[in-house]
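The report below is meant for a reader who is meeting this structure for the first time. Please keep the sequence and the model in view while reading.

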Amino acid sequence: MHELIYFASPGFAESSRFCLELSDVEWTNTIVDWEGYTEIKKSGILPYGYLPIIKTPNGVIAESNALLRYTGALAGLEPKDLHLRAKVDELVEVINGWREYFIPTFGIEDLDEKIAARQAMFVEGGSMDVALKLISSVYAESKTGWLANTESMSIADVKAFIDTFMLFSGQFDGITKDLLENYPLLMQFHDWMANDERVKAYYADADELRWVFKPDAFNMS
């Protein structure tokens, strides 16, 4: 039995939750609140003091990208070819680097200042504008429809889909879905992923934070 422990929000665990659902392993999705996290931290089972973690038959695994690679392998979303796997991991690391753009904004106490700082990332030439155009170009150049030119879905696609569109779920002040109008290729990628039968099934009963993963979530008409 595998047990993934994290908060209710998608956050750093969503990609691994999706992969575990696609895998053949038995798993439990354990949701904790801040008090629960504090108790777990005091117990000493968190290798680095943070969630998410996965309890496996062989011990605890921490750090979201490690979890993604582990659960992705269980789900068959990691290529066997080492070069192709490295290209998949390359994209995972690039997308993960986007977090660095946002971290400073969480320390801004003034709401208007925080919103302005985040929206500035999406103007032409801003850090997130460049990042989203980069992934758009990767998708445009793919011959298979999957970001790393794999024959089927990989963890790079899962990471890009979940981490990118989660930004526009409404939980981050200043980041609104209308910002996506400048990235039509990115919206094509959303359609490609959201209409995959595995994704559709997993998010069929999506809650208020996960609506962004459903087909036509960003229909601007």
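## The helical core and the sheet

Leaving out residues up to four places away in sequence, F122 touches F102, M128, D129, L132, F168, I175, L179 and Y183. These contacts, like everything else described here, are taken from a predicted model. F122 is also one of the residues with the most contacts inside the largest nonpolar core, a set of 49 residues in which M128, F161, F165 and F168 are listed beside it. The elements that give two or more residues to this core are α1 (14-22), α4 (82-96), α7 (127-141), α8 and α9, and the largest share, 8 residues, comes from α8. As a general background, nonpolar side chains in soluble globular proteins tend to be buried together.

Apart from this core lies another one, of 15 residues, which includes L4, I5, L51 and L67.

Two packed helices are described by the angle between their axes and the distance between the axes. Helix α8 (residues 155-166) and helix α9 (residues 184-194) have axes that come within 11 Å and cross at roughly 115°, and the crossing is left-handed. On the side of α8 the contact is made by D157, V158, A160, F161, T164 and F165, while α9 brings L186, M187, F189, H190, M193 and A194. By kind, the residues of this contact divide into 9 nonpolar, 2 polar and 1 charged. Two of the names in this contact, F161 and F165, are also among the residues with the most contacts inside the largest core.

### The sheet

Which strands stand in the sheet, and in what order? The sheet is open and has 4 strands in the order β2-β1-β3-β4, with mixed pairing. Because β2 and β4 stand at the edges, each with a single partner strand, one side of each is left without a neighbour in the sheet. From one strand to the next the twist averages 20°. Helix α1 packs on the sheet and touches β1, β2 and β3, and its direction makes about 155° with that of β2.

In general, strands of a sheet pair through backbone hydrogen bonds, either parallel or antiparallel. The table sets out the pairings of this sheet.

| Strand pair | Sense | Bridges |
|---|---|---|
| β1 (residues 2-6) and β2 (residues 27-31) | parallel | 5 bridges |
| β1 (residues 2-6) and β3 (residues 53-56) | antiparallel | 3 bridges |
| β3 and β4 (residues 59-62) | antiparallel | 4 bridges |

L4 stands opposite N29 in β2, and I5 has I53 of β3 as its bridge partner. Further along the sheet, I54 has I61 of β4 as its bridge partner, and K55 stands opposite V60 in β4. Strands β3 and β4 form a hairpin, with 2 residues between them.

Is strand β1 largely enclosed or largely open? Of the 5 residues of β1, 4 are buried, so this strand is largely enclosed by the rest of the structure.

### Backbone features and a buried serine

Most residues other than glycine have a negative phi, and most peptide bonds are trans. Against that background, the bond that joins L51 and P52 is a cis peptide bond, with omega at about 10°. P52 is found in the loop between α2 (34-43) and β3, and L51 has already been named as a member of the core of 15 residues.

E63, which lies in the loop between β4 and α3, has a positive phi of about 80° although it is not a glycine. With a relative accessible area of 45%, E63 is partly exposed. D216, placed in the segment after α10 (197-202), likewise is not a glycine and has a positive phi, of about 65°. D216 counts as exposed, at 57% relative accessibility.

Is S64 buried or exposed? Its relative accessible area is 14%, and because residues under 20% count as buried, S64 is buried. S64 belongs to helix α3 (residues 64-74), and, leaving aside neighbours within four places in sequence, S64 is in contact with F12, S16 and R99.

Definitions and conventions: Residues numbered from 1 in each chain as written. Predicted model: local features only at pLDDT ≥ 70, side-chain atom pairs only at ≥ 80, totals over all residues. Heavy atoms only, no water. Pairing = 2+ DSSP bridges. Axes fitted to C-alpha atoms, helices over the stretch in contact; angles between N-to-C directions. Left-handed = near helix turned anticlockwise from the far one by under 90°. Contact = heavy atoms within 4.5 Å. Nonpolar A, V, L, I, M, F, W, Y, C, P; charged D, E, K, R; others polar. Core = buried A, V, L, I, M, F, W, Y, C linked by side-chain atoms within 4.5 Å. Buried < 20%, exposed > 50% of the residue type's maximum accessible area, 1.4 Å probe, protein only.
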